[in-house]
Amino acid sequence: VTERRSGTEGFGRNGSLARIDLATGRGSRVEVADDAWRLLGGSGLLGVRHLLENTTSGLDALDPEAHLLFLSSAVAGHEAVGLARCTVVAKSPLTGGIGESRVEGPFGIALKASGVDGLIVEGRAYSPSYVLLEEGRASVHPAGDLWGLDTAATTTALEARHGVRAHVAAIGVSGERLVRFAGIVTDRTHAAARMGLGAVMGAKNLKAVVVMRGVTPLPFDAGVLGRVTADYRQLILGNPQTRQQFEAPGFGAWPAEGDATGYAGGTNYRTSVLPTLPATAIADLRARVLTDSGGCPGCPNDCVKTFANGVDAGAGSLDEEVYAAFALGLSLTSTDTVLDLAASCHLWGIDPVSLSFTLQAVCELAESEELPVSLTNGIAPRFGDEEALLALIEGIATRAPGLEWLGEGVARAVASLPDALREVAEPLALHSKGLEMVSFEPRASAGQALAWAVSPLGPRYELVEHDIDFDPVDGPAHGLEQMAEFGTTEWQPMGVLDETRITRTVALLDLWSGLDTLGICLFAGPPVRELTTDQIARLVAGVTGWTISTQDLLDWGARRLLLMRLYNLREGLDGSLDTLPDRFFDRAIDAGRHRGARLDRDTFASAVVRYYDLTGCDPDGRPTAARLDELGLTSSSLRHDISTAPTQKAGPS
Ligand code: SF4
């Protein structure tokens, strides 16, 4: 059906957010003005702006007064390519700075059809509770019977209670017990895993958010969305990236597909010789694919497959980082073990990446015989020791007595050790700003290294298109096809950190930040997947009626990163934290074609300052008033565009 309306205001969105106070059960509606949607787009940019204006500086991430937001955008939530997205925003219990986690899947589609474009949760319920969001109204309900259940059982119980229109974002035992890297799992298997936002729910006694899918707001031109999606479907198999995502076993299986030496890190980045995976791994994974995930309504790419496993098939999806976290990071190379762990992490509601890097540090510390087994409940942690690691993983996820310190995340865990041990352990704790590293090697990927250091979120693998895609040796043939509008038509060796790399990285950071702001899936988007910026503009126009340029997209991205930077500065995270662990400066890659590569301190520090300069920050990383003004982010332009009005009386809490 093609619907075209005159005017462009209000299409594709509800125009407001629901707000609920868990302590009182009182709800309200936050109207977001049209010009605010146009300026802020939605998702993490809308979220961080809310936190800046509605929370006080210095509030602990787990304080009852902290706010937690589930957000769509002006564009996301429609059944078209790349739009099945939801973003969760809060202060991160790991970093103390801005926390944001994206999740694809049906929950984001349901959120858009809930009568509002998002939910703001504040306060702490007096007893375990869940929030029901239906037809624009949020209400609080008892969840005492759900507390202690895993995320799948919680979802099943809430679906039984509320019917087939219910979509559930739940925490498991990790969130309940305030593991600082607990995640939120939507519809059993799509996780907003990173940055500890599940612990924020746990601290609020909030077991779940149930969103009732109702009527999706009418887009400006549904025909355009259908045509862009159909075009994309035609092109999937012709693009190596989208083809890998589409075909079984899907993009979660990448570590088993070739030699990742120098591109991925294993066993705490102490050596670049990666654990040997079974030669049959890809065949094993392919044989275990149960079905497509069915998880991203309207998107033909079907990236996240569900796999048979020995724990819970419904929770068996494999996202892009999980295999690397367990197989490369901890040498748990058995396909069965990886798939069981992936499902278990969904059930516990825990981030496999932070979990892995916390344990990697502990394993390395134990190898040096510095770590008394009394600190790990008598278990000797060893890379590849399945029995020991599975016991520790379960103990951390469930916050078993004696292992609580490891549930604090790797930075706090090593900081809590006795003095002599802490000195040995700190260099092994691979994190930036308190967020554990990712498995994608920074020493030979200069743009990624810079991005992970300067990102207000900390190191996240999906901040920027990876340098390998523009590398003359390993890059795909089409790697540069879309890059001219981002200032480069040249291949560049992935480890080189020069002016070309820095300017390219600035543009690529803003690009993906812009896509994140609009809630458009990075795994469908430019510069190497099949959605071009022109098609992004068509998607935006199809939903909203807006005409946008590539510069608009980059500006949304720049606004998001700068406001996140302002939030971090407010919370005490300054430019001195914009760096990476010493290991990447002190130890070179010791194998493969990138052998000898490491980050150079002076070059890297200069690149960070140059990044500041190019993005409108002073040499200390503080956004300048002129740049904020240029992007429309001066406080006077932001004050008038939202209003809050009570919409319901206090309910049960
Ligand atoms: S590109 Fe993949 S992950 Fe993104 S919305 Fe489409 S199917 Fe989901």
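The largest pocket in this predicted model has a volume of about 740 Å³, and 30 residues line this pocket.

**Largest pocket**

- Among the 30 lining residues, those closest to the centre of the pocket are Gln-241, Gln-244, Tyr-263, Ile-468 and Asp-469.
- Helix 8, which spans residues 240-246, gives the largest share of the pocket lining, with four residues.
- By class, the lining of the largest pocket is made up of 12 nonpolar, nine polar and nine charged residues.

**Largest cavity**

- The lining of the largest cavity consists of 26 residues, and Arg-102, Ala-191, Ala-193, Asp-319 and Glu-321 are the ones nearest its centre.
- At least two lining residues come from each of strand 5 (98-104), strand 11 (190-192), helix 11 (335-348) and helix 12 (352-367), with strand 5 supplying the largest share, four residues.
- The lining of the largest cavity divides into 14 nonpolar, three polar and nine charged residues.

**Second largest cavity**

- Thirteen residues, written as 13 in the count, line the second largest cavity, and Glu-104, Cys-296, Cys-299, Cys-303 and Cys-521 lie nearest its centre.
- In the lining of the second largest cavity, nine residues are nonpolar, two are polar and two are charged.

Conventions:
Residues are numbered from 1 along each chain as its sequence is written. This is a predicted model: local features need pLDDT of at least 70, side-chain atom pairs count only at pLDDT 80 or more; totals for chains, interfaces and linings use all residues. Side-chain values use heavy atoms; hydrogens and water are left out. On a 1 Å grid over the protein atoms alone, a cavity is a set of points where a 1.4 Å probe fits but cannot get out, and a pocket is an open set with protein on both sides within 12 Å along at least five of seven lines; lining residues have an atom within 4 Å of a point. Grid points are joined across faces, edges and corners, and a volume is the space filled by probe spheres set on the points. Ala, Val, Leu, Ile, Met, Phe, Trp, Tyr, Cys and Pro count as nonpolar, Asp, Glu, Lys and Arg as charged, and the others, Gly among them, as polar.
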